[in-house]
Amino acid sequence: MVRSLVDLLSQHAAHNPDRTAYRYLATGDPDGETQEISYGRLAERSRAVAAWLQERGLAGTRAMLLYPPGPEFICGYLGCLAAGVVAVPGVPPQGRTQNHRALTRMKRLIADADAKVILGGREVINALSGLAEHLPELADVTCVATEDLPDEAAASWREPDLTADSVAFLQYTSGSTSAPRGVMVTHGNLLDNERVITERMGHTPDVLEEYGHEMFVSWLPVYHDMGLIGPVLNTVYLGATATLFSPLHFLQRPERWLTAISHYRPHTSGGPNFAYELCLKHATPGLLDGLDLGSWKVAFNGAEPVRAATLRRFTDTFAPAGFRRESLYPCYGLAEATLMVTGSTVHTPPTLLQAPETGPHAGQWDAAAVSCGRPGPDVTVAIADPERHEELPEGETGEIWVRGASVAKGYWRNALATRETFRATLTGHDGRFLRTGDLGFLRDGELFVTGRLKDLIVIDGRNHYPQDLELTAEMAHPALRPGCTAAFSVDAGDGGDAGEEGAVGEQAVLIAEIAPDASSEAEKIIDVVRSGIGEAHGVSVRDVVLVQPGTIPKTSSGKIQRRASRAAYLEGKLAVIAAPAVS
């Protein structure tokens with residue numbers, strides 16, 4: 001009986017030790033330096049890491065993983081699982097602009113997870129030794145570069161005593177929040193969600209054989225759920241081969257993604273909606289002439305709102321390179337459900353409400369609501385009234401609630417948040433539901449996601465908490481009145497002409513009250529706030545709007561009403577002092 005991905009890795013290593021598990025493009029290009037690791041080698045290196053952890057009595061504790069992109073992260077992650085150690089994927093500090101943010105987040109995660117050891121790449125571990133004054137938390141934490149662990153250590157590895165309820169890893173929710181939440185994903189959750197992904201994406205034994213086990217190409221960050229649970233772990237689940245490269249190399253040259261797909265001809269590859277938009281911006285005639293995307297059967301699109309306009313333009317633009325509309329694969333998921341909840345049907349175009357029956361017209365496509373597909377097998381999705389906890393009829397919009405074996409155990413050391421989010425009861429249904437905080441409706445069994453009940457801001461696939469942006473703004477300039485700032489997101493095409501021409505997706509807007517005598521410095525204040533948010537969060541703010549004191553909507557208890565603020569902004573009803581447009 002398979003109890004965990006550790007068991008599956010052992011099986012693949014025994015039956016197909018020489019098969020390539022992961023191929024890593026060191027430069028992001030197929031014709032550049034390439035690193036490969038076979039299943040036999042992957043099992044050996046994972047066991048070497050596991051044995052080192054076991055010998056130090058670390059089973060049951062947390063290990064933070066700080067690696068640059070590459071196979072070493074996967075060895076470290078699987079090594080934790082093979083030792084019964086709870087893995088905590090993190091983002092290593094990299095470069096000046098990332099340093100402060102990454103260090104702050106690292107401190108919070110080390111403290112919240114109570115990490116006893118840090119596993120990482122050699123350069124990262126060496127760099128940490130020079131950060132002792134900034135990271136006093138490291139005094140009680142052992143740091144080790146796993147590539148320095150000898151292969152011979154694997155011989156002393158012992159199979160861990162794992163159950164389906166054993167916590168495999170903590171997936172910390174994205175965004176820089178002062179109260180990070182680690183989702184406790186168990187070994188049972190992982191196996192179930194890999195089953196869901198496999199079924200929904202059509203990764204059948206016949207397809208594996210047809211593709212010679214070349215199933216994935218991915219640039220997605222492996223320390224986030226979409227990149228880890230999807231391309232990385234589904235590969236181990238299937239015994240397949242994945243081609244990986246760095247997110248930075250993708251962002252530098254988005255066409256590398258399509259070039260890798262054309263070269264390695266995988267079945268499945270994808271990313272957030274913004275990734276498809278970036279490819280469209282770089283779709284030169286020369287690029288199209290050299291691409292063959294005919295093998296690409298599942299082009300998944302998730303993690304942020306899926307735009308009908310993006311689907312249309314991507315299909316139209318890359319059809320000459322063999323891309324088919326049937327390959328478009330909108331999906332929906334979240335870390336609290338391990339990853340996938342719903343997905344499209346393979347070989348079938350996505351369902352678009354208001355789309356014509358035949359011959360799609362641009363206007364109708366662009367206005368259409370996009371289906372994120374059907375729930376995976378044994379996954380229940382209900383649309384609930386968030387106040388009454390009652391299921392709503394088909395077609396009505398409410399909060400998306402989820403039940404199934406993929407739903408995680410809860411939030412690490414946060415019983416209150418776990419009870420509120422993971423223990424909801426729905427009238428007329430047995431069992432507990434996960435409250436996603438997302439809004440949507442069901443039609444003919446398909447899920448349409450329409451927005452968020454929570455105030456989370458998602459930009460380019462990254463989550464940001466409005467409270468963080470508001471605090472940063474207020475700290476950036478003393479003219480901003482404390483507790484009188486509202487941050488929210490708008491669609492790029494909304495609200496006048498302040499957005500960048502051709503921009504697609506969500507953009508951040510910040511409204512702030514200032515003292516009347518500061519109005520003469522409005523332009524300077526706006527520049528300082530923009531710069532502060534950009535440096536602290538890596539977010540380019542579309543609008544900073546300075547308004548009269550006492551005009552930002554608040555509740556009777558003094559809480560900022562962000563939805564009302566957003567509505568006032570879009571309707572032009574703010575008491576504006578100054579709001580220079582983006583140049």
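1. In this note, a residue counts as buried when its relative accessible area is under 20%. The model under discussion is predicted. With that cut-off in mind, the buried residues of helix α18 (residues 562-570) are Arg562, Ser565, Ala568 and Tyr569. Viewed down the axis of α18, these buried residues fall within an arc of 120°, so they line one face of the helix. Their cover includes α16 (466-476) together with the strands β26 (480-491), β27 (506-514) and β28 (541-547). Just after α18, glycine 572 adopts a positive phi of about 70°.

2. The axes of α6 (residues 187-200) and α8 (residues 225-238) come within 10 Å and cross at roughly 95°. Angles of 65 to 115 degrees count as roughly perpendicular, and α6 and α8 are therefore roughly perpendicular to each other. On the side of α6, the contact is made by Leu190, Leu191, Asn193, Glu194, Arg195, Ile197 and Thr198. On the side of α8, Ile229, Gly230, Leu233, Asn234, Tyr237 and Leu238 take part. By type, the residues of this contact comprise seven nonpolar, four polar and two charged.

3. Most residues other than glycine have a negative phi. Aspartate 114, although not a glycine, has a positive phi of about 55°. Aspartate 114 is placed in the loop between α4 (96-113) and β5 (117-120), and is partly exposed, with a relative accessible area of 27%. Aspartate 444 is likewise not a glycine and has a positive phi of about 55°. The loop that holds aspartate 444 runs between β22 (434-443) and β23 (446-452).

4. Is glutamate 159 buried or exposed? Its relative accessible area is 59%, so glutamate 159 is exposed. Glutamate 159 is found in the loop between β6 (142-145) and β7 (167-172). Between glutamate 159 and tryptophan 219 there are 60 residues of separation in sequence and 32 Å in space, C-alpha to C-alpha.

5. The average pLDDT of the chain is 90, and 92% of the residues score at least 70. Over residues 355-364, however, the pLDDT is below 50. Beyond near neighbours in sequence, this stretch has seven contacts in the model. Where pLDDT is low, the predicted coordinates should not be read in detail.

Methods:
Residues numbered from 1 in each chain as written. Predicted model: local features only at pLDDT ≥ 70, side-chain atom pairs only at ≥ 80, totals over all residues. Heavy atoms only, no water. Axes fitted to C-alpha atoms, helices over the stretch in contact; angles between N-to-C directions. Helix = DSSP H or I, 4+ residues; strand = E, 2+ residues; numbered from the N terminus. Parallel < 35°, antiparallel > 145°, perpendicular 65-115°, else oblique. Contact = heavy atoms within 4.5 Å. Nonpolar A, V, L, I, M, F, W, Y, C, P; charged D, E, K, R; others polar. Buried < 20%, exposed > 50% of the residue type's maximum accessible area, 1.4 Å probe, protein only. Arc of directions from axis to C-beta. pLDDT = per-residue confidence, 0-100.
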